[in-house]
Amino acid sequence: MQPKHELTEEEALALSGKLSRVQRRTMVRITYYDGDAYATSCGMVSDIDVASRTITVVRTRIRFDDILDIRNGEGIED
């Protein structure tokens with residue numbers, strides 16, 4: 001079991017900016033905490049639910065709070 005990395009305020013702000021630029025039907029690569037360890041999901045964004053704070057990549061629903069990093073096919077950068 002791997003501990004979850006708590007984002008610093010700067011990391012959280014940078015991640016929030018990246019999330020705000022992600023759109024449905026775009027390819028992304030998300031590194032996220034799945035409860036036991038970090039995993040990576042690559043694929044097309046099928047849904048972004050701001051109210052429930054989740055993003056769905058193909059069929060994997062990921063909570064915003066569990067995301068460590070996100071990049072799109074172009075490579076979302078700061």
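Reader: Which residues does Thr56 touch, if you don't count those up to four places away in sequence?

Author: Leaving those out, Thr56 touches Met44, Val45, Ser46, Asp47 and Arg61. A contact means heavy atoms within 4.5 Å. Before we go on: this is a predicted model, where local features need pLDDT of at least 70 and side-chain atom pairs count only at pLDDT 80 or more, while totals for chains, interfaces and linings use all residues. Residues are numbered from 1 along each chain as its sequence is written, and side-chain values use heavy atoms, with hydrogens and water left out.

Reader: Okay, why is Thr56 called buried?

Author: Its relative accessible area is 8%, and buried means under 20%, exposed over 50%, and partly exposed in between (1.4 Å probe, protein chains only). With 8%, Thr56 is therefore buried. Thr56 is found in strand 3, and strands are DSSP runs of E with at least two residues, helices runs of H or I with at least four, numbered from the N terminus.

Reader: And what makes Ala14 partly exposed?

Author: Ala14, in helix 1, has a relative accessible area of 27%. That falls in the in-between range, so Ala14 is partly exposed.

Reader: How far apart are Ala14 and Asp69 in sequence and in space?

Author: They're 55 residues apart in sequence and 9.4 Å apart in space, going C-alpha to C-alpha.

Reader: What makes a set of residues a nonpolar core?

Author: Its members must be buried Ala, Val, Leu, Ile, Met, Phe, Trp, Tyr or Cys residues, joined through side-chain atoms within 4.5 Å. The largest one here has 14 residues, and Leu19, Ile30, Ile55, Ile62, Ile67 and Ile70 touch the most other members. Two or more residues each come from helix 1 (9-21), strand 1 (27-33), strand 2 (38-49), strand 3 (54-57) and strand 5 (67-72). Strand 1 gives the most, with three residues. In soluble globular proteins, nonpolar side chains tend to be buried together.

Reader: Which order do the elements of the protein run in, from the N terminus on?

Author: They go α-β-β-β-β-β, that is, one helix and five strands.

Reader: How do you know that the protein is as compact as a globular protein of that length?

Author: We compare its radius of gyration, taken over C-alpha atoms, with the globule rule: 2.2 Å times the number of residues to the power 0.38. For 78 residues the rule gives 12 Å, and the protein's value of 12 Å is close to it, so the protein is as compact as a globular protein of that length.
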